[in-house]
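I opened a new page in my notebook today. Here is what I looked up, entry by entry.

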Amino acid sequence: MMFNMIEFIEKKRDGGSHSKSEFQEFIRGVMDGSVPDYQTAAWLMAAFLNGLDDEELSCFTELLAASGERYSFPDDIRIVDKHSTGGVGDKTTLVVLPLAAACGAVVSKLSGRGLGFSGGTVDKLESIPGMRMQLEAGEFLSQIRNIGCAISGHSKELAPAEGKFYRLRDVTGTVPKVQLIAASIVSKKLVGGACGYVFDVKCGSGAFMNDRESAGELAAALVSLSKRFGRKSVALITDMEEPLGEWVGNAAEVYEAIEVLKGGGPADTRELCVALCAQMLAISGHAKDEDEGAAIASAALDDGRALKKFAELIKAQGGATEILERPLDILPRAQKSFALKSEREGVVSKLDARAIGEALRALGGGRMKVDDRIDYAAAIRLRAKTGDKVRAGDAVVELFYNDDNKLADAMKHLSGCWEIAEKARPRKLILGRIS
């Protein structure tokens with residue numbers, strides 16, 4: 001019987017469930033072009049509104065992973081991976097990947113580009129001159145053997161169906177759905193060949209999960225789905241009500257990551273990177289528990305081992321290692337800047353991560369359409385964050401840009417993006433853990 005895509009869409013539109021064979025026909029049609037993008041987008045919206053049950057989620061994830069090649073490793077190499085659900089200013093992969101490898105873990109990382117208002121690791125690393133983010137399978141595996149870590153963008157050979165869905169979700173308003181996010185993430189983890197995963201599930205205005213309940217739901221779905229495929233995993237639920245760190249923007253976040261790898265950088269960026277690395281070391285057997293893992297990770301940041309490993313990673317993938325010594329000379333920098341200042345004295349009591357993320361995208365630091373080009377130099381600096389004291393006239397947010405028209409667009413998102421009060425409740429960075 002010929003597959004009927006209209007009936008497939010209508011079934012999910014009306015709250016029905018798909019069989020594995022139906023999913024197989026759907027994925028096959030998406031891949032060979034017999035199912036056009038507009039019908040795939042219609043199904044995505046139906047799935048966004050009505051969801052997928054556990055069996056559907058497993059089938060969909062498995063078929064996304066099976067749509068292309070997979071990495072496999074010898075038994076003597078036990079790979080661990082880390083994934084963030086995306087946030088504003090989230091440069092943790094840039095730090096955690098070399099940090100975990102410097103501590104003895106072996107890390108295989110497949111990363112994506114920016115999704116919605118959230119930045120993408122591939123875009124950030126491509127701001128490094130010469131950095132290659134599309135590695136061939138043999139090169140990827142050889143690099144892991146040689147230096148203990150590798151990172152590559154989503155390739156046509158690895159879970160290609162997931163890549164198609166990923167791009168369509170970004171431009172159809174269907175990103176923040178638990179099952180679709182879980183299927184996307186775990187399918188890419190499966191093809192990466194790791195035996196264990198650490199998930200960083202963001203929660204707040206700058207995350208796809210805006211509240212603690214939905215973030216917990218996604219964290220549980222990721223851990224449960226991973227377990228169904230025989231993978232060890234743990235999820236940290238972390239705050240994204242305000243951006244992470246001081247800088248937001250592709251090249252700017254590479255700069256901040258380098259500062260952290262040198263033993264400095266913003267306290268919150270370091271705290272989260274150490275916590276994530278600690279979990280990676282624990283599930284891979286390189287630490288007896290997360291406390292020992294945190295101590296090992298902190299030492300590797302402070303004694304230079306993590307920075308040295310980052311240099312090895314950049315060199316192996318063709319990037320300019322000079323950025324480690326002269327980042328401001330090597331990385332792209334915007335030509336213009338504009339500061340938004342506080343009108344009164346007090347304490348920053350709110351800093352809206354979503355508004356900052358949307359403003360960066362408007363500056364050119366993210367995409368509005370699939371084929372938009374990124375301005376790597378566009379950036380936003382957070383001169384003050386929640387709990388910081390400011391005086392009237394102090395800069396709170398500073399924008400770095402190249403296009404005056406884009407500045408005007410960015411400013412539309414920043415009205416009311418922060419609040420000043422007499423005092424502010426301290427924010428907790430790590431909100432929960434699910435394993």
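Predicted model: local features only at pLDDT ≥ 70, side-chain atom pairs only at ≥ 80, totals over all residues.

**Entry 1**

Buried here means under 20% relative accessible area, exposed means over 50%, and partly exposed is in between (1.4 Å probe, protein chains only). Helices (H or I, at least four residues) and strands (E, at least two) are DSSP runs, numbered from the N terminus. I noted that six of the six residues of S2 (residues 106–111) are buried, so the strand is largely enclosed by the rest of the structure.

Residues are numbered from 1 along each chain as its sequence is written, and side-chain values use heavy atoms, with hydrogens and water left out.

**Entry 2: the partners of S2**

Which strands run alongside S2? I found that S3 (residues 149–153) is parallel to S2, with five bridges joining them; two strands pair if DSSP finds at least two bridges between them. Leu110 has Ser152 as its bridge partner in S3. Strand S1 (residues 79–84) also pairs with S2 in the parallel sense, over two bridges. There, Ile79 stands opposite Val106. I then followed the chain from S1 through helix H5 (residues 92–102) to S2, a β-α-β crossover that is right-handed: with the strands pointing away from the viewer, the path from the first strand over the helix to the second runs clockwise.

**Entry 3: aromatic rings**

How many aromatic pairs are there? I got 15, counting rings of Phe, Tyr and Trp (its six-membered ring) whose centres lie within 6.5 Å; planes under 30 degrees apart count as stacked, over 60 as edge-to-face and the rest as tilted. Trp43 and Phe165 make an edge-to-face pair, 6.3 Å centre to centre with 70 degrees between the planes. Trp43 sits in helix H3 (residues 37–50) and Phe165 in helix H8 (residues 160–170), so this pair ties together parts that are 122 residues apart in sequence. Are these two buried or exposed? I found Trp43 buried, and Phe165 as well. Both belong to one aromatic cluster, together with Phe3, Phe8, Phe23, Phe26 and Phe60.
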